[in-house]
Amino acid sequence: MFELLKVEARKAVKIIDKHNFARIFTHYDADGISSGAIIATALIRKGIDFHISFLSGLNEGVECDGDLIIFTDMGSGYPDVISSIDADVIVIDHHYPVGKIQPKRDFAHVNPHLAGLDGSFELSASGTSFVVAEEMGDNYDLTAISLLGIIGDKQKIIGGNAEIIRKGIEKGFITEKEGLRMISGKVRDVLRLSLEPFLDFYSKEEELEEFLNRIGIEDDKEFDELSREEERRLANGIALRILKMNAYPGVFETFMGKKFYLREELIKNAVMMSEVVNATGRKSAHSIGFAICMRDERYLEKGMDLWRDFMKEIHEEIEKRRNDVKEGECIRYLIMENGSFTSPIASVFSRYLFSDKPFIALNIKKDGQVKVSARSNPIMAERINLADIMKEAAEKVGGRGGGHSVAAGANITADKVEEFIKEVDRLCCI
Ligand SMILES: [Mn+2]
């Protein structure tokens, strides 16, 4: 199924082979960090040096040093930035391509959307990076790392993703088990801290105790050591709780069914590793997540600490902000000033607490810039494409926007917030 994508991947490898140094720029989330780690590992194995940087986006352009620039999990949405680079360039991305890239030198654009594949749900940037790595040598162990981006971007285990996981299982680097695809730890901590699913137990200790009593599971048992029968009872309890929350029913497939363990990695539970890597990115400690993906044990403990801090902060932020959500005609939105973690908050709110309309989170930063995260779900996406809406509404107020149909973003300025929201609401009503 990757044939067309592989043609472009081979073109990328040909370009790589001309160089002995690569400058990598990647996105700072779990998909971006794992994509960067996959390409970096494949380069090292070919004796090619690299220097990697983690970016939140390409809005401010990028300072390129070197003769070979590789972008992962970004680039497809910024044809002007890519076209302006005077070096060989490779873009490995799964965001919907916009405009036309006019490269100055050698160029390869490895993107599932350009190869007849679905990049929104069926192939992540990390999976696309693996397709390139596979063309570079015996890199099957990296299937495990690509799983982190698949989970981090909440993609589905179908299509290209399923194909890569199947390869990882076949080569023995990934094991698959029936069960709940959730984080590791004591049952009580997992249920309190989990964001996928979000169970709303964070400061409801008594409710949690009662919940566990009712289904007959001890709260200090290790989640990964539950018997199948216990896990089945827990799954039922969780399903009921989520249904009562008014969550989007499609959330179930992100955590029910199969769980994955990674043979060679520092963290065995794939969801846990994805979350730890994601947390390091959100806490501006990307290199720690990157080092964990590169199997450098020295950074594991620091990564776990960052994850615990991140969990605490995000749950506190959720509790603080949930009463500030406003309702428009066809959207719900939240305006924060100097808030933290705009996009994870938008994910939890849109999937679990306010799932009936597209959800827009706006974070006004001190410098007057506003980061916007927009979220919907596949049912709404049949009618409205948030990537288009973010682009159109942002451009109307002099900003930029884009992304995926169900998860998009924009950057605007603080004085335009009201006008922007009105325009987004109008576009979502059409
Ligand atoms: Mn991604």
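Student: How far apart do the C-alpha centres of domain 2 and domain 3 lie?

Tutor: The C-alpha centres of these two domains lie 29 Å apart. The model is predicted, so to speak of local features a pLDDT of at least 70 is needed, side-chain atom pairs count only at pLDDT 80 or more, and totals for chains, interfaces and linings use all residues. Residues are numbered from 1 along each chain as its sequence is written.

Student: Where are the domain bounds?

Tutor: Domain 1 is 3–174, domain 2 is 185–258 and domain 3 is 325–429; such bounds come from an automatic or database domain assignment.

Student: And how many residues does the contact take from domain 2 and from domain 3?

Tutor: Eight residues from domain 2 and eight residues from domain 3, where contact means C-beta atoms, placed from the backbone, within 7 Å. The side of domain 2 that touches domain 3 has six nonpolar, two polar and no charged residues. Here Ala, Val, Leu, Ile, Met, Phe, Trp, Tyr, Cys and Pro count as nonpolar, Asp, Glu, Lys and Arg as charged, and the others, Gly among them, as polar.

Student: Switching to sheets. What is the order in the open sheet of five strands?

Tutor: E2-E1-E3-E4-E5, with parallel pairing. Strands are DSSP runs of at least two residues and helices (H or I) of at least four, numbered from the N terminus; two strands pair if DSSP finds at least two bridges between them.

Student: Which strands stand at the edges?

Tutor: Strand E2 (49–55) and strand E5 (107–110), each with a single partner strand, so one side of each has no neighbour in the sheet. The twist averages 15° from one strand to the next.

Student: What packs on that sheet?

Tutor: Helix H4 (residues 125–136), which touches E3, E4 and E5 and makes about 125° with the direction of E4. Axes are lines fitted to C-alpha atoms, for helices over the stretch in contact, and angles run from 0 to 180 degrees between N-to-C directions.

Student: What about the sheet of six strands?

Tutor: This open sheet has the order E8-E9-E10-E11-E13-E12 and mixed pairing. E11 (residues 369–375) and E13 (residues 407–413) are antiparallel, with seven bridges; valine 370 has isoleucine 412 in E13 as its bridge partner.

Student: Which helix lies across E11, E12 and E13?

Tutor: Helix H16 (residues 386–396), running at about 175° to E12.

Student: Last one: what does isoleucine 39 touch?

Tutor: Leaving out residues up to four places away in sequence, isoleucine 39 touches Ile24, Ile70, Thr72, Ser129, Val132 and Ala133.

Technical notes:
Two residues are in contact if their C-beta atoms, placed from the backbone, lie within 7 Å.
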